[in-house]
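Q: Please take a close look at one part of this model, the place where the two chains meet. Walk me through it step by step.

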There are 2 protein chains.
Amino acid sequence: MTAPTLEDELARVAAREPDIGAWVIRHSDDELRRRVATLPQGPLHGLTLGVKDIIDTSDLGTERGSPIYAGRRTSADAACVALARAAGALVVGKTVTTEFAFLTAAGTANPHDVTRTPGGSSSGSAAAVADEMVRMAFGTQTVGSVIRPAAYCGVFGFKASHQLVPLAGVGALSPSLDTLGWFARDTADISAMLEALAPVTAAADDADPTRPLRIGKYRSHQWDHAAPEAVDALDQAAERLRAAGADVADVDPIVGLANAAEAATMLQMAESSRVLAWERQHHAELLSDLLRRVIESGSEISDDEYRAAQLIGAAARHDFDTAMTESGLDALLTPSAPGEAPAIKTTGDPVFCRVWTFLGAPAMHLPVGSGPNGLPVGAQLIGHRWRDRALVKVGQFAEGALAR
Amino acid sequence: MTAPTLEDELARVAAREPDIGAWVIRHSDDELRRRVATLPQGPLHGLTLGVKDIIDTSDLGTERGSPIYAGRRTSADAACVALARAAGALVVGKTVTTEFAFLTAAGTANPHDVTRTPGGSSSGSAAAVADEMVRMAFGTQTVGSVIRPAAYCGVFGFKASHQLVPLAGVGALSPSLDTLGWFARDTADISAMLEALAPVTAAADDADPTRPLRIGKYRSHQWDHAAPEAVDALDQAAERLRAAGADVADVDPIVGLANAAEAATMLQMAESSRVLAWERQHHAELLSDLLRRVIESGSEISDDEYRAAQLIGAAARHDFDTAMTESGLDALLTPSAPGEAPAIKTTGDPVFCRVWTFLGAPAMHLPVGSGPNGLPVGAQLIGHRWRDRALVKVGQFAEGALAR
């Protein structure tokens with residue numbers, strides 16, 4: 001399968017963008033044709049890139065999904081954009097985000113069914129990659145804003161370990177949780193982006209290539225949210241990984257993660273209410289009702305509750321690290337989303353992503369098959385913290401296993 | 001002692017700023033006289049505030065101590081500025097920062113001796129508060145950029161727990177470490193700022209007011225960097241706290257912190273090299289030699305080294321939390337700086353601050369006395385993570401004890 005050319009993508013945008021609504025602003029076609037000829041060499045040479053519109057770009061505005069920032073411009077690129085451009089990527093435009101990367105749907109349609117959501121908050125990025133309008137796209141995840149839209153749109157999605165990839169120049173929502181991620185249609189591109197963004201390790205790969213990968217099938221404390229198609233996707237993925245030679249075993253939920261989801265929500269609400277202090281004070285009337293309510297609730301969270309949530313996070317990370325090390329697992333395999341994409345008026349439920357974001361562990365969504373309505377379903381792999389490159393390798397193995 | 005009025009401060013700036021160089025830009029005196037009449041009520045009502053020039057303000061530019069950002073403007077206030085203004089503070093201007101809040105000295109003088117540094121990177125903020133040009137000022141600390149200048153300038157300085165106060169709208173250097181802080185001439189002002197920035201706790205104060213405060217005198221793994229005046233200041237502070245009724249005991253260095261300083265440096269260099277990707281690519285010639293060298297070294301740190309540093313941090317935090325809880329200590333008392341402020345060509349050594357920033361624990365500098373050259377010396381209190389309000393209370397007790 002040949003990758004679409006820039007001309008293919010431009011034609012695709014012309015034909016499909018009126019129905020999908022993935023883009024806030026793009027360079028003109030002629031400008032892109034000019035730029036593609038002079039890109040630097042590097043792991044992303046010539047790859048087109050969409051950038052979620054909470055991420056600053058020096059040559060295109062960044063409006064953060066809010067009328068408060070209509071027309072906002074910055075002189076500098078966000079660090080991740082600078083790194084991607086230096087590796088040869090062609091930034092084609094800014095993709096639709098929900099308001100401040102939170103929950104209020106922004107109207108982007110799922111390319112597989114325009115009555116459905118592509119997920120959020122990285123809505124335009126997931127939709128544009130799925131619809132072959134662009135090769136790759138940046139997103140961010142504070143709760144489930146990369147892995148969930150990747151699942152709903154049927155593309156690969158990668159959320160890096162917390163703090164591994166800098167968020168300088170990226171609008172914040174909850175800094176203890178905010179993390180960069182990206183979307184692609186194969187794991188080679190996922191890997192190339194990691195190469196561009198994170199330092200090349202000089203250390204030898206410590207994995208024995210003849211040892212079978214060990215993967216834990218992990219139903220999680222959120223299991224009762226899984227629809228039948230999510231259960232099937234997890235089973236299928238486990239089966240095909242096993243058939244390809246991996247050692248796949250059921251793993252019980254890690255005890256220390258039982259309270260993690262609730263603590264993550266507390267933390268996110270408390271931090272968002274302070275992060276958006278200026279917007280709330282000066283432009284409250286331009287915030288969505290949903291966001292305004294969350295900010296109000298968040299501002300009532302006490303010091304003690306905030307501290308308790310942070311300490312639950314620290315303990316959960318310790319228990320997760322210990323469980324991963326002691327079990328000798330390379331990755332966990334767990335649901336990405338409750339099921340197929342729901343109707344377009346919401347962005348779906350991040351219930352299966354929240355805990356992993358809180359832990360700061362790397363995550364990769366794998367498209368597996370389709371559900372009862374023919375829409376994409378899949379599962380995610382969770383890796384050891386700050387072993388992002390090792391998780392990408394597991395993902396590459398899984399891509400091969402699932403393609404058989 | 002009556003606090004200086006706005007007119008006193010304006011006269012002070014007119015008289016002293018040519019020698020001190022604390023300010024990048026200020027509102028005009030007339031503009032400040034107009035604004036002071038219409039400030040909102042709140043815990044900071046009428047207090048003048050300087051803002052370190054890496055922190056965005058809607059009404060004054062933010063140049064980050066670098067010619068790369070000369071003339072940079074933003075439409076919004078950083079979250080901390082919005083919160084301070086809503087609490088009644090009067091932002092008077094932007095204070096000098098070292099280049100991107102790193103080490104390269106920016107020329108601000110120490111008000112106690114203009115041949116000496118006020119410390120960095122929050123150089124102008126510490127100097128302006130010490131010199132009574134302004135009531136309070138914001139700084140940030142990635143290694144030792146609040147506590148060290150507070151020590152050199154002889155004012156109170158407070159560094160909040162990591163993530164407690166949002167850094168939205170604040171230029172990043174190393175996000176795993178970057179933390180907001182502030183300077184004041186008494187602990188009542190330190191407390192009022194915390195009130196403005198962090199949510200009011202509804203929970204009852206769990207400290208028994210009749211129980212003596214328990215304070216651990218902590219020499220730290222960095223003890224051999226302490227000059228005689230720093231040793232004396234620590235001894236004096238311990239003695240006066242004891243005389244005022246506190247239970248002060250020597251505490252051995254926490255074993256898990258032995259490797260923390262080295263790991264913190266590794267983390268900071270790796271993160272800074274990525275955070276400043278755009279600046280390095282597009283304006284390398286406008287970076288100082290020192291910063292350029294650090295960025296180059298940081299870009300050679302491998303994944304494995306970065307991961308190891310993060311895991312050392314996680315383990316150190318766990319050991320610190322455990323030690324603080326099991327010992328029943330309210331705070332540690334430990335050096336802030338090696339001694340008096342050195343000559344103005346450097347910003348001094350953050351050696352006594354690095355580990356605490358890495359841990360994310362709250363810290364407060366206490367002025368104690370003066371050294372052999374008559375310059376300020378002191379010590380810092382370190383609190384339990386995210387018990388910032390409790391640490392401020394210990395600081396208030398200490399202020400009283402030291403004033404006797």
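A: Start with a definition: a salt bridge is a side-chain nitrogen of Lys or Arg within 4 Å of a carboxyl oxygen of Asp or Glu. Keep in mind that this model is predicted. Now look at A:Arg389 and B:Asp303. Their side chains meet in a salt bridge, with N to O at 2.9 Å. The pair counts because 2.9 Å falls within the 4 Å limit. Between chain A and chain B, the count of salt bridges is two.

Polar contacts come next. Twelve residue pairs are in polar contact across the interface of chain A and chain B, with both residues at pLDDT 80 or more.

Which helices of chain A each supply at least two residues to the side that touches chain B? They are H3 (79-86), H8 (260-275), H9 (277-283) and H11 (303-327). H11(A) gives the largest share of that side, eight residues. By type, the residues on the side of chain A that touches chain B split into 25 nonpolar, eleven polar and ten charged.

Now step back to the whole contact. Chain A brings 46 residues to it, and chain B brings 46 residues. The area buried between the two chains is about 3,800 Å². Carbon and sulfur atoms give 57% of that area. In chain A, three residues lose the most area to chain B: A:Arg274, A:Arg307 and A:Trp386. Together they make up 18% of what the chain A side buries.

How values were computed: Residues numbered from 1 in each chain as written. Chains lettered and ligands numbered in written order. Predicted model: local features only at pLDDT ≥ 70, side-chain atom pairs only at ≥ 80, totals over all residues. Heavy atoms only, no water. Contact = heavy atoms within 4.5 Å. Buried area = accessible area lost by both parts, 1.4 Å probe. Polar contact = N/O pair within 3.5 Å; in protein donor to acceptor, adjacent residues only side chain to side chain. Helix = DSSP H or I, 4+ residues; strand = E, 2+ residues; numbered from the N terminus. Nonpolar A, V, L, I, M, F, W, Y, C, P; charged D, E, K, R; others polar.
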